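Let's walk through this model together, one question at a time. Have the sequence and the 3D view at hand.

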Amino acid sequence: MSVRVRAQIILVASLDADEKQVHFEREDKSLTSVVSTYDAEESGQVILAASESAYTLPMGKVVTGKILYIESDQELIVKMDGEAVGHKINPTTATKAKLFLNSSFTNAPIITNNTANEVSISYLIAGTK
């Protein structure tokens with residue numbers, strides 16, 4: 001069985017709240033939407049304790065990851081394929097932090113709760129068996 005993943009990212013960089021002074025924009029569906037088919041996926045929700053470090057996201061049957069998506073209600077550090085520093089994601093008021101990676105990775109992502117609060121994470125990993 002294969003899994004289809006549709007990803008669409010709309011990006012607008014502007015100097016004002018009503019987006020009249022746009023400096024960069026990608027909103028056309030032909031530019032911002034991709035549908036891909038993968039052999040396997042692993043997804044779920046995880047709750048990490050305060051300051052919990054080095055939690056390995058399960059990859060299930062995925063051997064080579066092609067897509068990683070993470071949502072978090074607290075600040076996280078995500079390390080890919082043995083990175084020393086990793087990527088910090090941080091939510092803003094009333095929104096979740098998000099990380100979307102469309103690349104290739106063979107090691108399971110390692111995440112660290114960078115706060116003194118419990119953190120709730122949702123994730124998707126898709127790729128090949």
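**Strands and a salt bridge**

In this predicted model, strand β12 (residues 119-128) has seven of its 10 residues buried, so β12 is largely enclosed by the rest of the structure.

Q: Which residue in β12 stands opposite glutamine 45?
A: Strand β5 (residues 40-48) runs antiparallel to β12, and nine bridges join the two. Across this pairing, the residue opposite glutamine 45 is serine 122.

Q: Which residue in β12 is the bridge partner of serine 72?
A: β12 also pairs with β7 in the antiparallel sense, over eight bridges. There, the partner of serine 72 is isoleucine 121.

Q: How far apart are the closest N and O atoms of lysine 88 and glutamate 75?
A: The structure holds one salt bridge. Lysine 88 forms it with glutamate 75, and their closest N and O atoms are apart by 3.9 Å. Lysine 88 sits in strand β9 (residues 87-89) and glutamate 75 in the loop between β7 (64-72) and β8 (76-79), so the pair ties together parts 13 residues apart in sequence. To end on the value asked for, the distance is 3.9 Å.

Q: Is glutamate 75 buried or exposed?
A: Its salt-bridge partner, lysine 88, is exposed at a relative accessible area of 56%. Glutamate 75 has a relative accessibility of 14%, under the 20% cut-off, and therefore counts as buried.

Q: Which residues does glutamine 8 touch, leaving aside those up to four places away in sequence?
A: Glutamine 8 lies in strand β1 (residues 3-8) and is partly exposed, with a relative accessible area of 35%. With those sequence neighbours not counted, glutamine 8 touches Lys29, Thr32 and Ser33.

Note on methods
Residues are numbered from 1 along each chain as its sequence is written. This is a predicted model: local features need pLDDT of at least 70, side-chain atom pairs count only at pLDDT 80 or more; totals for chains, interfaces and linings use all residues. Side-chain values use heavy atoms; hydrogens and water are left out. A salt bridge is a side-chain nitrogen of Lys or Arg within 4 Å of a carboxyl oxygen of Asp or Glu. Helices (H or I, at least four residues) and strands (E, at least two) are DSSP runs, numbered from the N terminus. Buried means under 20% relative accessible area, exposed over 50%, partly exposed in between (1.4 Å probe, protein chains only). Contact means heavy atoms within 4.5 Å. Two strands pair if DSSP finds at least two bridges between them.
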